[in-house]
Amino acid sequence: MDGWWRRDPFFIRYMAREATAPFVAAYAIVLLVGIVSLARGADAYEEWLEALASTGWIVAHAILVAIFAYHTYTWFQIMPKTMPPVVVRGRRLAPEVITFAGIAAAVLASLALWILVAYGAP
Amino acid sequence: MADTRKIVLEVLRYTPGQSTAPTLQQYPIEFTDDMSVLQGLQQVKDFVDGSLTFRWSCRMAICGSCGMMIDGAPKLACRAFLRDFLPGPLRVEPLEHFPIERDLVVDISDFVDKLGRITPWIEPREPRSLEQGEYLQTPAQLERFESFSHCINCMLCYAACPQYGLDSRFLGPAATALLHRYNSDSRDGAQAKRMELVNSEEGVWACTAVGYCSEVCPKAVDPANAVNQNKTASAVSWFARFLPGRG
Amino acid sequence: MKRSNQPFFWLLFGAGGMLSALIGAMLVFITGVAAPLGLGVHADLMSHANAIAFARGIPGKLFLLVVVSLFLWHAAHRIYHSLHDLGIPPGPLAQAACYGTALLGTVVATVALLAIGF
């Protein structure tokens, strides 16, 4: 079974989907470091904030945005297969409808978060 | 023959006791547009090499006998057409993840054993006598399991499943789909027994939702959905144990 | 037949996967791109004063804990299975490494958020 996933484009896409996980963890760790530095005091936090503002980290985060977006796409793409059937007026919801609804929900939630942060924050 | 074209079939050959390892043998054949890969193999067997061994029966995607790896993907040979693989050569190999018995014939005993383990019959929820009449079911109740009853046991989904390939203890797609067919039947009362298998380490939890099983299924059974619905059911049962009054 | 312990981790995986699918990309954009560059948000969005105020409130505390821990549990579960895909056998050792890291992250986040105070 060594290298089995190289045999079929379907498996390569699956592995790409799974490979988003370390990046999700990486972002969680960035946030965690921020929280810990916040607990340690103003100086530590400013240091973390400064690091985030460096070109390297901004580029890294821009790449992370793309990877997270890919995660969103793959998450809702597989969802019709992973969730129980949804029956609306006696008919099973088509897989494309479920995927579309999921991505639409992600877009709306993200917009809501943006509005909250850009216009609601002090 | 009118309008024939040529393609080379590259077929895996293996004879236990004679071959030390599987080899590929090339068979150039002529075919017409309406010929399936199965018909190509039959032409080889009938006119070129009678020793070539493969399973087939119905020729119309109902019996589930002629599953094989066609150009690297699990397909029914009767449902794949030679014209779609031009210019060739077209690689034909036995189903992935099963031991080869001879040429394109695989040993299916593991799958048959798994089918036996899922209690593949209805154990009535409440016994009824003949006088009481038949078990009635609404269209909505039928809808809940009907698609999962379409499985023809062709095992393409097992050949498509990397998790089964990595660890064959995994109950796998088709057996779980059939398990789900009985577990979601309103007449059945053996859910608890089947859930023990679902919940176990050999049950549904090796699945990583690759989803290829459902892609290759010739009957649109969607075994990936059956497996994942049972993850939900299994998760519910996992937590239900901690509720008061539950075992 | 031995009952699998996966349902517990799978639910955390699912919750983290869903949360990151819904708001992950935007959250990374806000904290990693927009805030440092001042793109469309207040330049002092993540200033020390703002961060402390956010992390001292109950909603902010919960939000940070949920995001950090669920993202970690999501990743841990996926990586555990990916290790198997790459030929590293699943079992107690791989579980301890993957889920242990997520647990450690959750504990550290909880302690830090409590230390920040209310």
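This is a predicted model: local features need pLDDT of at least 70, side-chain atom pairs count only at pLDDT 80 or more; totals for chains, interfaces and linings use all residues.
Let me start with the place where two of the chains meet: 21 residues of chain B are in contact with 17 residues of chain A.

The size of an interface is often given as the accessible area lost when the parts come together. For chain B and chain A that buried area comes to about 1,600 Å², with carbon and sulfur atoms giving 57% of the total. If you look for the residues of chain B that lose the most area to chain A, you will find B:Val210, B:Tyr212 and B:Asn225, which together account for 27% of what that side buries.

Now let us turn to the other partner of chain A, which is chain C. Here 50 residues of chain A are in contact with 52 residues of chain C, and the area buried between the two chains is about 4,300 Å², of which 77% is given by carbon and sulfur atoms. On the chain A side, the residues that lose the most area to chain C are A:Ile35, A:Trp75 and A:Trp114, and together they make up 15% of what that side buries.

Helix 2 of chain A covers residues 21-40 and helix 4 of chain A covers residues 55-82, and their axes come within 10 Å and cross at roughly 135°. The contact draws on A:Phe23, A:Val24, A:Tyr27 and A:Val30 from helix 2 of chain A, and on A:Trp57, A:His61, A:Leu64, A:Ile67 and A:Phe68 from helix 4 of chain A. Sorted by class, the residues of this contact are eight nonpolar and one polar, with no charged residues.

Finally, let me come back to chain B, for which the domain assignment gives domain 1 (5-106) and domain 2 (109-240). The C-alpha centres of these two domains of chain B lie 30 Å apart, and their contact takes 16 residues from domain 1 and 17 residues from domain 2. Between them they bury about 1,200 Å², and carbon and sulfur atoms give 69% of that area. In domain 1 of chain B, the residues losing the most area to domain 2 are B:Pro74, B:His97 and B:Phe98, together 48% of what that side buries.

How values were computed: Residues are numbered from 1 along each chain as its sequence is written. Chains are lettered from A and ligands numbered from 1 in the order in which they are written. Side-chain values use heavy atoms; hydrogens and water are left out. Axes are lines fitted to C-alpha atoms, for helices over the stretch in contact, and angles run from 0 to 180 degrees between N-to-C directions. Helices (H or I, at least four residues) and strands (E, at least two) are DSSP runs, numbered from the N terminus. Contact means heavy atoms within 4.5 Å. Ala, Val, Leu, Ile, Met, Phe, Trp, Tyr, Cys and Pro count as nonpolar, Asp, Glu, Lys and Arg as charged, and the others, Gly among them, as polar. Domain bounds come from an automatic or database domain assignment. Buried area is the accessible area (1.4 Å probe) that two parts lose on being put together, summed over both.
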